[in-house]
Amino acid sequence: MAETSKLQREKHVKYFQRMLRVIPGHYASLDTHRMTIAFFALSGLDLLGALHEIEDDKLDIIEWIYSLQVLPNSSGTNSSQCGFRGSSTMGHSFYARSCQDKGIPYDSGHVTMTYTALASLLILGDNLGRVDRKAVVEGLRSLQQPDGSFSCVPEGSETDMRFVYCACCVSYMLNDWSGMDTSKTISYITNSLSYEGGMGQGPGAEAHGGPTFCSVASLCLMEALDSSLSAQQQHRLKRWCIFRQESGFQGRPNKPVDTCYSFWIGATLQLLGVLDLTNFLSSRSFVLSTQSLITGGLAKWPDTTPDPLHTYLGLCGLALMGEPGLATVHPALNITQRASDHLANVQKQWHNDS
């Protein structure tokens, strides 16, 4: 029990290093999301203060990320497809320009992969100099729906709060909000406020911890939280989130606690300024109980298999609670404050160059 009450830092560092080099076979179905798995590993190492452990690989990882950028062709006919792919499974990497100009059906960026690609580049210290920012914004614009929500790819897909959040993160990081009608997006978010007090994936949907975070973080990135939600609505939202704590945090009423909600709910409470009203010791105890003492990594529940998402978000939840040895997290962008400060410097340079 003594070991489970202590953060197994070195084992988690090794776990993330393995995720960057060899993805286990049971994750084969997630190959199209490889960009996001890489983000969990890179930001996790940043959180653990261990990016130096992959110093020799940084440039190669940066090149891999840029290889997955869908660039505009010379005629501009693929502007709706621009952004970042999730992996080479979704389109050929390192296209020659002549090949790009022919146009590749369904070779499109994905809004979540674009967000995690930009975040990963910032974590690695890149200045986003090779990102075609105008093209990314054009691609983003094509994803917004009439109700203000976003789909993830231009060919058509489900639309919900996850992709609204990713679109807001991309706009914030590129310091360009022209890719969305923010008034429609804000309306979509506020219309998703449930009778319970939390936010759903869309209007009329059940309140849930994930979309509640996506909603609140999006409003914060747009600097529209106080102008969009009344004091009473914010009070009910805080109450709903605080009531999600049992031992750890659950995503909705009558569901078991789950490691990832230490971030989804914890970050929401942090953004609302009331995280200190929760029981840090109880939440910490639950998160640490999901550690694997053999392979490293954190799981959804104790005595189950670790995975990159729960490992990263569990550590982020601990960081929000001030766990020693973990970096400070920017709760809205879901990256370290160090990476966020680097973004601010990059944007300052853009301003000076304009």
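Trainee: Among contacts in the protein chain between residues at least 6 apart in sequence, what percentage joins residues at least 24 apart?

Mentor: A contact means heavy atoms within 4.5 Å. Of the contacts between residues at least 6 apart in this chain, 69% join residues at least 24 apart. The model is predicted: local features need pLDDT of at least 70 and side-chain atom pairs count only at pLDDT 80 or more, while totals for chains, interfaces and linings use all residues. Numbering runs from 1 along each chain as its sequence is written, and side-chain values use heavy atoms, with hydrogens and water left out.

Trainee: How many helices and strands does the protein chain have?

Mentor: Helices (H or I, at least four residues) and strands (E, at least two) are DSSP runs, numbered from the N terminus. The chain has 15 helices and four strands. Its radius of gyration (taken over C-alpha atoms; the globule rule is 2.2 Å times the number of residues to the power 0.38) is 20 Å, close to the 20 Å given by that rule for 354 residues, so the chain is as compact as a globular protein of that length. The C-alpha trace spans about 60 × 45 × 40 Å along its principal axes.

Trainee: What share of the 354 residues counts as buried?

Mentor: Buried means under 20% relative accessible area, exposed over 50%, and partly exposed in between (1.4 Å probe, protein chains only). By that criterion, 56% of the 354 residues are buried.

Trainee: Which residues touch the most other members of the largest nonpolar core?

Mentor: In soluble globular proteins, nonpolar side chains tend to be buried together. A nonpolar core is a set of buried Ala, Val, Leu, Ile, Met, Phe, Trp, Tyr and Cys residues joined through side-chain atoms within 4.5 Å. Here the largest one has 106 residues, and Y115, V131, Y165, M173, F213 and F263 touch the most other members. Helix α7 (residues 161-174) gives the most to this core, with 11 residues. Setting aside residues up to four places away in sequence, F213 touches Y165, F263, W264, A267, T268, L271, P331 and A332.

Trainee: Which residues of α15 are buried?

Mentor: An α-helix has 3.6 residues a turn, so residues three or four places apart point the same way. In α15, the buried residues are A339, S340, H342, L343, V346, Q347 and W350. Seen down the axis, they fall within an arc of 155 degrees (from the directions from the helix axis to the C-beta atoms), so they line one face of α15. They pack against α2 (34-47), α5 (111-123), α6 (133-141), α7, β3 (329-330) and β4 (335-336). The face turned away from the buried side of α15 carries the exposed residues N345, K348 and H351. D341 also belongs to α15, and is partly exposed at 41% relative accessible area.

Trainee: What is the phi of E223?

Mentor: Most residues other than glycine have a negative phi. E223 has a positive phi of about 55 degrees although it is not a glycine. This residue lies in the loop between α9 (209-221) and α10 (225-228), and at 74% relative accessibility E223 counts as exposed. N175 likewise has a positive phi of about 55 degrees without being a glycine; N175 is in the loop between α7 and α8 (182-190).
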